[in-house]
Amino acid sequence: MSGAGDELGPSRILRAAGRTAVAWRNGGGVTREVAVHPPGAGWDAFDWRVSLAEVTADGPYSPLPGVRRILTVVAGAGTELTVAGASRLRADRYRPCAFPGGAATAGRLLDGPVVNLNVMLREGRARATVEMVRGSRRVVAEPGSESGTGSGADGGRSAGHGVLVMALEGRTRLSAPGEPVVTLERFDAVWLAGARAAAAELGTDGVAAVVTLSA
């Protein structure tokens, strides 16, 4: 967990500045992992994975058999996806698009580079919903996890149930009873889990993503 004041019950603050960029083999962009379950799991072992990808060129996506993908453009004009050689999905900003990771998929940038929020779910082992929020709302995290998850989180294995909130535009603030307010800048995130974080209040002056995950 990062510095003083970055606590919100049994949660983990995942600051954008602490993420490592991993370049794609085809040179078309970089990926920064935000959170993964189980903590530290690689490509062949995760139940779910959340990441941000900076895409700078058209090209194919890596095939991921057995994985469901939910892609949301969070910066830039958008992307046109060709899935299984025929199905075309237009991924406009802040509109989640779901498709099978095992299908041959290619992306064409509509007007320059984009940043994608990627949620990857192992079929039969994880579920998720992705919502875009403006204004304020209550966030309800499923009970069942007593430790955090994601890059840099310490502690044991998480049960994989909870809510990941990420600031996409403007500032996002989260508060829970008896806890200090947490402020998220662009692409900062917080993982909410456990009984003490069963309900938090979210307010944003821009746009925030609320990703509800279970494994």
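The paragraphs below go through a sheet, the salt bridges and some backbone exceptions of a predicted model.

Because the model is predicted, local features need pLDDT of at least 70 and side-chain atom pairs count only at pLDDT 80 or more, while totals for chains, interfaces and linings use all residues. Residues are numbered from 1 along each chain as its sequence is written, and side-chain values use heavy atoms, with hydrogens and water left out.

The sheet comes first. Six strands form an open sheet in the order β2-β3-β4-β11-β6-β9, and the pairing is antiparallel. Strands here are DSSP runs of E with at least two residues, numbered from the N terminus, and two strands pair if DSSP finds at least two bridges between them. The edges of the sheet are β2 (21-23) and β9 (97-100), each of which pairs on one side only. On average, neighbouring strands of this sheet are turned by 30° against each other, direction ignored; the axes behind this angle are lines fitted to C-alpha atoms, and angles run from 0 to 180 degrees between N-to-C directions. Strands of a sheet pair through backbone hydrogen bonds, either parallel or antiparallel.

Next come the side chains. The whole structure holds 11 salt bridges, a salt bridge being a side-chain nitrogen of Lys or Arg within 4 Å of a carboxyl oxygen of Asp or Glu. One of them joins Arg32 and Glu54, at 2.4 Å from N to O. Arg32 belongs to strand β3 (residues 29-37) and Glu54 to strand β4 (residues 48-55), so this pair ties together parts that are 22 residues apart in sequence. How accessible are these residues? Accessibility is relative accessible area with a 1.4 Å probe and protein chains only: buried is under 20%, exposed is over 50%, and partly exposed lies in between. Arg32 is partly exposed at 24%, and Glu54 is partly exposed at 35%.

A salt bridge also joins Arg49 and Glu33, at 3.1 Å from N to O. It links strand β4, which holds Arg49, to strand β3, which holds Glu33, and the two residues are 16 residues apart. Arg49 is buried, with a relative accessible area of 9%, whereas Glu33 is partly exposed at 23%.

Glu201 lies in strand β17 (residues 199-214) and Arg138 in strand β12 (residues 127-140), so parts that are 63 residues apart in sequence are tied together. Glu201 is partly exposed at 34% relative accessibility. Salt bridges also link Glu80, Arg88 and Arg108 in a network.

The backbone is the last topic. Most residues other than glycine have a negative phi, and most peptide bonds are trans. Against this background, the peptide bond between His37 and Pro38 is cis, with omega about -5°. Pro38 lies in the loop between β3 and β4.

Tyr94, not a glycine, has a positive phi of about 65°. It sits in the loop between β8 (87-92) and β9, and it is buried, with a relative accessible area of 13%. Phe187, also not a glycine, has a positive phi of about 70°. The loop that holds Phe187 runs between β15 (182-184) and β16 (189-192), and Phe187 is buried at 14% relative accessible area.

Key
Helices (H or I, at least four residues) and strands (E, at least two) are DSSP runs, numbered from the N terminus.
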